[in-house]
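I opened this model to look up its core and its strand pairing. My notes follow the structure.

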Amino acid sequence: MKLRLLPILAASFLLPLAALAEAALLKLVPAGTEFCLSADLSRLPSNLKPGTGEGQLLAERVKLLEARSGLKAEECSRLLWVSGGRSIRGLLLKTTVTPEEHRKRIGSAEGFSERMVEGKKVFTLSGDVPDSPMALCHLEPGVLLVTEECYLVPFLNGMGKGTCKAATPAGNPPAWCFFDSSAAFGKDKKKKVDPAALVFGGTKQIVGRFDPQTGEAWKLAAVADCRDDASAAMFQQMVGTYLMMGSAFIFMNEPQLGSDLMKTVKFRKDGNQVHAELNVDEALAARLAEFLKSEAERRVIPGDPVPDDLRGRTTAR
């Protein structure tokens, strides 16, 4: 009996601690943020971690980020991606790497520079992408901001101004997202004709969550708060239509897989809210992983080999 109580007791302590770690990132979200994506990397299922299952698709990007930033994936426990308009972009990371250790790792890298920006010490790395230098800023102990240099000042200036509407969903899922659609497609904004506005214009906000199930199975759930009952009915209809169209395009080479996936999608309208769920069992998860892997391999175009007698040469002009 005591052994059975241990997981319950552990969860009762660890989940609040995880929520506190996330709160440390949320308080730094700048004003003007419209979208947040949060993930507790330590709690993601194995088939979604880099290098395994669906995570194979992320492996190369993770390696590139590690190479450019001087960090390792295992040194980061939580991430929070935020964006808004054309000026807010940034990745907040909960990490164990100190600014001093970080500088030792990247201080001798090509294109490294160090300066103060808005009272914060910033490391900049241009390397082989001088048009898009990476800015790294330790905002406070254990929290690192990773962004492009052009987004750095708007991000720093927006911190602590305004209230972030995003909040950890009930139950503290390992991954969730928040979309402030009223801010992105508000009536006071003069936008060109935007297909996304036609879909999301009648919503106020959308919260999505990822919940692991037994084994490698998982569930996605989302709740859209709409402006009124009519907007909710229209949103449910349009999202269902676009999902069917998107599925037919994505799974054109595996139509049965797309059909089986769409059968797991359920919609429910409740007043001004629209609820959506996608339940993927272990068998379907394995088929999706294999499909995504094969698609990634199919789309890779290998570069032309460089002849041995031309390697290391430079062309004089």
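These entries cover the strands, the cores and one serine.

The model is predicted: I took local features only at pLDDT of at least 70 and side-chain atom pairs at pLDDT 80 or more, while totals for chains, interfaces and linings use all residues. Residues count from 1 along each chain as its sequence is written, and side-chain values use heavy atoms, without hydrogens and water.

**Strands.** I took helices (H or I, at least four residues) and strands (E, at least two) as DSSP runs, numbered from the N terminus. Strands pair if DSSP finds at least two bridges between them. S2 and S3 pair antiparallel over 8 bridges. Cys 76 has Thr 95 in S3 as its bridge partner. The two strands form a hairpin with 3 residues between them, and Gly 85 in the turn has a positive phi of about 55°. S3 also runs antiparallel to S7, with 4 bridges. There, Lys 94 stands opposite Val 143.

Is S3 enclosed or open? I found 6 of its 8 residues buried, so S3 is largely enclosed by the rest of the structure. Buried means under 20% relative accessible area, exposed over 50%, partly exposed in between (1.4 Å probe, protein chains only).

**Cores.** A nonpolar core joins buried Ala, Val, Leu, Ile, Met, Phe, Trp, Tyr and Cys residues through side-chain atoms within 4.5 Å. The largest has 23 residues; Val 82 and Leu 92 are among those with the most contacts inside it. Strands S2 (76-84) and S3 (88-95) are among the elements giving it two or more residues. A second, separate core of 16 residues includes Trp 218.

**Serine.** Ser 181 lies in helix H5 (residues 181-184). Ser 181 is buried, at 0% relative accessible area.
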